[in-house]
Amino acid sequence: AARAFSTSMVADKEVKNVTVFGAGLMGAGIAQVLAHKGKFNVTLSDVTDKALSNGQSIISKSLTRIAKKAMADSSAEEQATFVQGIVDSIKVTTDPEAAVQDTDLVIEAIIENVGIKKDLFGFLDGKAPKDAIFASNTSSLSITDVADAVERKDRFGGFHAFNPVPQMKLVEVIRTTKTSDETYEALMDVAKRMGKVPVTCVDAPGFIVNRLLVPYMFEAIRLVERGEASIKDVDTAMKLGAGYPMGPFELADLVGLDTLSHIAKGWRDTRVKTGEIHAEAVKESKLLEDLVAQGKLGKKSGEKGGFYEYPAAKK
Ligand code: 3HC
């Protein structure tokens, strides 16, 4: 009987309007897939018009890639019309109050800083409809800590997508001890409607994927720091010997070396102290810190690169 009750509650409150905060790589990707695959009414919000237009350009580029393949028989004009149609369907605003006016679900993908996330959610808690669900796309912070800013703790969870969002099939749905069954089911349902496969995890550090990937990338960096093998050979080894689509250094460049360093430092300051994560797993790396200090942040740094260089001409 409990199950039937929970299902009907979800049916009563089907999510239609979704607001995404943060128009960076993750937020733009989530907004894109929500609009394109999920057919949700999507609003994308960020603090500046520049951030919003950058987000629109990320979406447009990704959809252009998708259209080239999915609409191979259509003309370039038809492909462009399809891309523009989806971009135009995503409302953009720098006004956070307007962004959540009639929202059913807020997905936050702003800077990985617990204080800033709490400020945003605390503000939205007083502005969004009382029954709207709030979710954070944080990859390394505690959902429970972020949810501390709101009254609606039963309607708060984690919704963690992966980079590149249009391509990666997974969403981690995170339940805190206070997340209600209805909220959890609604988040699972949204992930499925986006064409993703959701998995469930409690509010543990790094959830599933980053808990394994971050120490793995650090171990790869240490192996190279000890002079045991070259960056290229470690990547080749993991691709051809373990079947990974990318080696750990290519992956680190994709994630962003600043992001990787930031996650590890955050964990050293919190989860290592509590004993939740082993100190060795995320021990500071000189090689990584030197690259970050030089502004070599990975793929997003283009020519400057990270572990590898990404000249503009080479697609
Ligand atoms: N938008 C649309 N399409 C994209 C895309 C994007 N942003 N990025 C790649 N694609 C498409 C390509 O067009 C191509 O399509 P096709 O197969 O129909 O021709 C397809 O994806 C494959 O791309 P490529 O041929 O360029 O390269 P790969 O075959 O190597 O695939 C990859 C790229 C999907 C990124 C693959 O290498 C991969 O899965 N890598 C691992 C990525 C990963 O582990 N991500 C998780 C990072 S951790 C994270 O995000 C957590 C965060 O919180 C830190």
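Author: Domain bounds here come from an automatic or database domain assignment. For this chain that assignment gives domain 1 (2–202) and domain 2 (214–302), and their C-alpha centres are 28 Å apart. Before we zoom in, keep in mind that this is a predicted model: local features need pLDDT of at least 70, side-chain atom pairs count only at pLDDT 80 or more, and totals for chains, interfaces and linings use all residues. Numbering starts from 1 along each chain as its sequence is written.

Where the domains meet, four residues of domain 1 are in contact with six residues of domain 2 (contact means C-beta atoms, placed from the backbone, within 7 Å). On the domain 1 side, three of those residues are polar, one is charged and none is nonpolar (Ala, Val, Leu, Ile, Met, Phe, Trp, Tyr, Cys and Pro count as nonpolar; Asp, Glu, Lys and Arg as charged; the others, Gly among them, as polar).

Now for the part I'd pick, the sheet. Eight strands make an open, mixed sheet in the order β3-β2-β1-β4-β5-β6-β7-β8 (strands are DSSP runs of E, at least two residues, and helices are runs of H or I, at least four, numbered from the N terminus; a pair needs at least two DSSP bridges). β3 (91–93) and β8 are the edge strands with a single partner each, so one side of each has no neighbour in the sheet. From one strand to the next, the twist averages 25° (angles run from 0 to 180 degrees between N-to-C directions, with axes fitted to C-alpha atoms, for helices over the stretch in contact).

Zoom in on the β8 end. β6 (residues 156–161) and β7 pair antiparallel through four bridges, with His160 opposite Glu172 in β7. Helix α8 packs on this sheet and touches β4 (105–108), β5 (133–136), β6, β7 and β8, while its direction makes about 175° with that of β7.

On to the next pair: β7 (residues 170–175) and β8 (residues 197–202) run parallel, joined by six bridges. Glu172 turns up again here, with Val199 in β8 as its bridge partner. The chain gets from β7 to β8 by way of α8 (residues 181–193), in a right-handed β-α-β crossover (with the strands pointing away from the viewer, the path from the first strand over the helix to the second runs clockwise).

Two backbone spots deserve a look too. Most residues other than glycine have a negative phi, and most peptide bonds are trans. The loop between β6 and β7 holds Pro164, and the peptide bond from Asn163 to Pro164 is cis, with omega near -5°. Lys39, in the loop between α2 (25–36) and β2 (41–45), has a positive phi, near 55°.

Terms used: Two residues are in contact if their C-beta atoms, placed from the backbone, lie within 7 Å.
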